[in-house]
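Please look over the sequence and the model shown here before reading on. The report then goes through the fold step by step.

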Amino acid sequence: MATPQLDKRILSELELMGFPTARSIRALHFSGNSSLESAINWLLEHENDPDIDQLPLIPREINIECGDTPNEARNDIQGMRANAQESKPEESTAAGRQKPVLYTFINCCHTSHLNFLYQETSQVERELNADQNEDEVRRRIIELFKSKQDGQERERGRIRNQLQEDKRERIRAAKDLMEAKRTLEENQRKRFVSYATSPQIKPVEPAVSPEQLRDCLRNLKKNYKDDTTKVTRAFQILLKIIANIVKNPEEEKFRRIRLNNPVFKERVGNLQGGVEFLELCGFMKLAISSYLVMPRDKINLALLNAAGVEVASAMENPYFGLLSK
């Protein structure tokens, strides 16, 4: 068996359009090898066929040519017999010797035909074996192509899952930030209400003014104005730290930060102004243990609320720090 002879120009155009070679050959063969449009129409109509990726095979034409036809050989033999009969009687002995010569000639012709047929049969067998090898190669190529497609599909699936996970992470981060902001605003509102309902209680002014907090955040944003992602992540971490302390002031783990923590170091510790802002909020740096610590008796909720408001404002206002001196 062999693949049909097709228009190589149309076949190359189909391959350039992205159709696999096996499908292109099959479409050209069954669409009459007439035009590119008819081949594409056939592919669209038969794309769900189970054998769409199998190469079409047609019988190989084998022409075995013999020297003389049976009629010609018979005529030659009859002519030789006539010549022998026309010979003189005295040459009967010589004629008698020609009889085995004639038989020898016939046997030679028969043997030569048999040898020729044997050679042709061997050639046909070799060609059939070659066709089988070609089919095996095509089958392996198709398997490799399908395996590559499966690998690409798995990679696309992994990328889609990663993008979805990143999206969910951003949504969770946004929810945490909104919750922290609401907590800070609620605590500030309660503090103002308590001051209003209890005139004998005078509000304690924090040692650090909101302007100092704002200047520290403004400098941090200016130092990294070309990398807004880095600034946004730093503000998110700062707001998360402040909100955790306001919601859980008794929890020591929220008032203790390891400076060598990889996440903290990358997003806040290595940024100029990040640790300084936390120190303004009441954290103290312990040189011996490399920790930032806020003692329980040093917690100033008013200062922390003011710091949270400033960080939230810096995150929401795109012009924060750009119009100031």
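## The model and its overall make-up

This is a predicted model, in which local features need pLDDT of at least 70 and side-chain atom pairs count only at pLDDT 80 or more, while totals for chains, interfaces and linings use all residues. Residues are numbered from 1 along each chain as its sequence is written, and side-chain values use heavy atoms, with hydrogens and water left out.

The chain has 10 helices and 3 strands, where helices (H or I, at least four residues) and strands (E, at least two) are DSSP runs numbered from the N terminus. Read from the N terminus on, the elements follow the order α-α-α-α-α-α-α-β-α-α-β-β-α. Of the 325 residues in the chain, 26% are buried; buried means under 20% relative accessible area, exposed means over 50%, and partly exposed lies in between (1.4 Å probe, protein chains only). Among contacts in the chain with a separation of 6 or more, 69% come from residues 24 or more positions apart, a contact being heavy atoms within 4.5 Å.

## Helices H1 and H3

Helix H1 (residues 8–16) packs with helix H3 (residues 36–45) at an angle of about 50°, and their axes are 10 Å apart. Axes are lines fitted to C-alpha atoms, for helices over the stretch in contact, and angles run from 0 to 180 degrees between N-to-C directions. H1 and H3 are therefore oblique to each other, since angles under 35 degrees count as roughly parallel, over 145 as roughly antiparallel, 65 to 115 as roughly perpendicular and the rest as oblique. The crossing of H1 and H3 is right-handed, a term used if the near helix is turned clockwise from the far one by less than a right angle, with left-handed used if anticlockwise.

On the H1 side, Ile 10, Glu 13 and Leu 14 meet Leu 36, Ala 39, Ile 40 and Leu 43 of H3. Sorted by class, this contact of H1 with H3 has 6 nonpolar, no polar and 1 charged residues; Ala, Val, Leu, Ile, Met, Phe, Trp, Tyr, Cys and Pro count as nonpolar, Asp, Glu, Lys and Arg as charged, and the others, Gly among them, as polar.

## Helices H6 and H7

Helix H6 (residues 210–223) and helix H7 (residues 228–247) pack at about 150°, with axes 10 Å apart, and H6 and H7 are therefore roughly antiparallel to each other. Leu 217, Leu 220 and Lys 221 in H6 meet Val 231, Phe 235 and Leu 238 in H7, a contact with 5 nonpolar, no polar and 1 charged residues.

## Cysteines

A search of the whole structure finds 0 disulfides, a disulfide being a pair of cysteine sulfur atoms within 2.5 Å. The sulfur of Cys 216 has its closest cysteine sulfur in Cys 281, 8.4 Å away, which is too far for a bond. Cys 216 is buried, with a relative accessible area of 10%, and Cys 281 is buried as well, at 1%.

## Two single residues

Asn 33 is found in the loop between helix H2 (21–30) and H3, and its phi is near 55°, a positive value in a residue other than glycine. Most residues other than glycine have a negative phi. Asn 33 is partly exposed, with a relative accessible area of 26%.

Val 309 lies in helix H10 (residues 301–316) and is partly exposed, with a relative accessible area of 32%. Val 309 and Pro 210 are 99 residues apart in sequence, and 9.2 Å apart in space from C-alpha to C-alpha.
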